[in-house]
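Subject: Structure for you to look at

Hello,

Please find the structure below. My notes on what was found in it follow.

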Amino acid sequence: MLSVNELLEKRAKVWEGAKAFLDTHKSENGTLSAVDAASYDKMEQEIQDLSAAIDRAKRAEELEAKLNQPMNIPILGRPNVPTEDGKKTNYRASDSYRDAMVAAMRTGFRLVTNVLQEGTDADGGYLVPEQWEKGIIDKLTDQNIMRSLGTTITTTGLTRLNIAATKPAASWIEESGAIQFSDATFDQMTIDAYKLHVAVKVTEELLYDEAYNLESYLTTEIAKAVANAEEIAMLTGDGNKKPTGVFHATYGGQVADTVEAIDSDSLLKLIYSLGRPYRKDACFLMNDAHLGQIRLLKDNNGQYLWQPSYVAGEPDRIAGYSVATSQFAPTNAIGFGDFSYYKIGDRGTRSFQVLRELYAANGQIAFLSKQRVDGKLTLPEAVQILKISG
């Protein structure tokens with residue numbers, strides 16, 4: 001199996017060959033013959049396949065690094081109960097709480113020990129063990145592109161964010177002249193919490209099989225389902241019982257321009273439509289399908305706009321700016337900006353419930369995970385949108 005660096009080098013070589021092929025086989029009008037177009041399409045497909053392989057290899061290396069980390073020392077004590085030295089402990093982080101949760105799930109919550117009683121929530125479920133909570137958050141961060149680009153905050157209720165509406169202005173005055181006062185005003189934006197849930201069905205045989213890693217299965221499948229639902233909402237959501245997407249027509253980023261098709265000029269104009277202070281930490285956000293078109297584009301100096309990464313850990317770039325892609329991003333828009341101004345509010349902890357009777361006839365047991373989250377772009381001017389009408 002090739003390493004990430006080896007895959008990056010291989011993709012870079014294919015890309016250099018593809019660029020040379022385009023430069024030597026294009027006609028005066030910039031077109032390719034049918035035969036040449038088919039040859040280039042094969043190169044393009046190889047680049048896409050290598051990009052996918054690089055992503056898989058990165059995830060595999062990250063997973064291996066996590067698995068190689070030393071196990072935490074069990075924490076003995078009850079949650080929020082002072083120990084002899086007066087310090088409070090978090091019992092949900094202990095191995096005994098995690099093991100009790102697994103045992104309870106495998107018996108359909110017929111075997112519930114007093115270890116779990118401190119984790120009971122108001123709806124009759126049990127709080128996720130802290131190891132799972134962290135694992136799910138890790139997976140959500142890895143899989144939901146907005147959690148890696150935006151800023152996550154923890155909320156305990158309806159949260160109001162103060163947004164500067166007008167700022168103080170400086171003015172020149174004559175010696176001994178009257179001081180002029182300007183007003184600084186603030187708007188408010190609220191971060192609420194919308195309920196998101198996912199139910200995973202497991203066969204009774206699988207549940208009772210001690211040899212199967214039920215903990216890993218539940219964490220992975222729940223994280224995938226939640227991450228996909230979150231990403232769709234945080235990109236294109238309408239704010240109705242879900243987060244408001246960064247591409248929302250009214251409350252998302254500002255529309256900088258509308259073009260029929262993507263070209264070099266439109267991308268460069270998009271970059272400079274963003275205010276200079278925001279360009280420092282800006283990146284592109286687009287649908288995966290757009291990259292195939294952008295790879296063909298050059299700037300005014302004849303250099304290709306798309307620059308593949310040559311080093312593990314470094315993102316691919318367009319005109320020097322990193323690019324993030326999502327299959328859930330709209331196909332008629334490209335975003336460019338500082339997405340840290342997208343605030344993600346997590347309310348409370350995730351919890352599990354068992355649904356034993358619902359699928360009993362099928363010999364299955366379902367487990368329900370719930371969480372509450374909201375997301376909004378707090379400063380529309382920090383993200384510029386290029387609309388594509390063609």
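Which side chain does Lys298 meet in a salt bridge? The partner of Lys298 is Asp23, at 2.7 Å from N to O. A salt bridge here is a side-chain nitrogen of Lys or Arg within 4 Å of a carboxyl oxygen of Asp or Glu.

Before going on, two notes on the source. This is a predicted model, in which local features need pLDDT of at least 70 and side-chain atom pairs count only at pLDDT 80 or more, while totals for chains, interfaces and linings use all residues. Residues are numbered from 1 along each chain as its sequence is written, and side-chain values use heavy atoms, with hydrogens and water left out.

Salt bridges

The structure holds nine salt bridges. The side chains of Lys298 and Asp23 meet in one of them. This pair links distant parts of the chain, 275 residues apart: Lys298 is in the loop between α10 (289-294) and β8 (306-307), and Asp23 is in helix α1 (residues 4-25). Helices (H or I, at least four residues) and strands (E, at least two) are DSSP runs, numbered from the N terminus. Lys298 is partly exposed, with a relative accessible area of 27%, and Asp23 is also partly exposed, at 45%. For these words, buried means under 20% relative accessible area, exposed means over 50%, and partly exposed is in between (1.4 Å probe, protein chains only).

Asp346 is in strand β12, and 199 residues separate Asp346 from Arg147 in helix α5. Asp346 is buried, as is Arg147. Salt bridges with shared partners join Arg147, Glu230 and Asp346 into one network.

Aromatic rings

How many aromatic pairs does the structure hold? There are five. Rings of Phe, Tyr and Trp (its six-membered ring) pair if their centres lie within 6.5 Å; planes under 30 degrees apart count as stacked, over 60 as edge-to-face and the rest as tilted.

One of the pairs is Tyr278 with Tyr341: the centres are 5.6 Å apart and the planes are at 85°, so the pair is edge-to-face. Tyr278 is in helix α9 (residues 276-279) and Tyr341 in the loop between β11 (333-337) and β12 (342-355), 63 residues apart. Tyr278 is buried, with a relative accessible area of 12%, whereas Tyr341 is partly exposed, at 28%.

Another pair is Tyr321 with Phe336, with centres 5.0 Å apart and planes at 85°, so this pair is edge-to-face. Tyr321 lies in strand β10 (residues 321-326) and Phe336 in strand β11, so parts that are 15 residues apart in sequence are tied together. Phe336 is buried, at 0% relative accessibility.

Ring pairs also link Trp15, Tyr304 and Trp306 into a cluster. The charged end of Arg295 sits over the ring of Trp306, 4.5 Å from the ring centre. Lys201 lies over the face of Tyr359, at 4.6 Å from the ring centre. A charge sits over a ring if NZ of Lys or CZ of Arg is within 6 Å of the ring centre and within 35 degrees of the ring normal.

Loops

Tyr341 comes up again here: the backbone oxygen of Tyr341 lies 2.7 Å from a polar atom of the side chain of Thr378. Thr378 lies in the loop between β13 (364-377) and β14 (383-388). Thr378 is buried, with a relative accessible area of 7%.

Regards

Note on methods: Polar contact = N/O pair within 3.5 Å; in protein donor to acceptor, adjacent residues only side chain to side chain.
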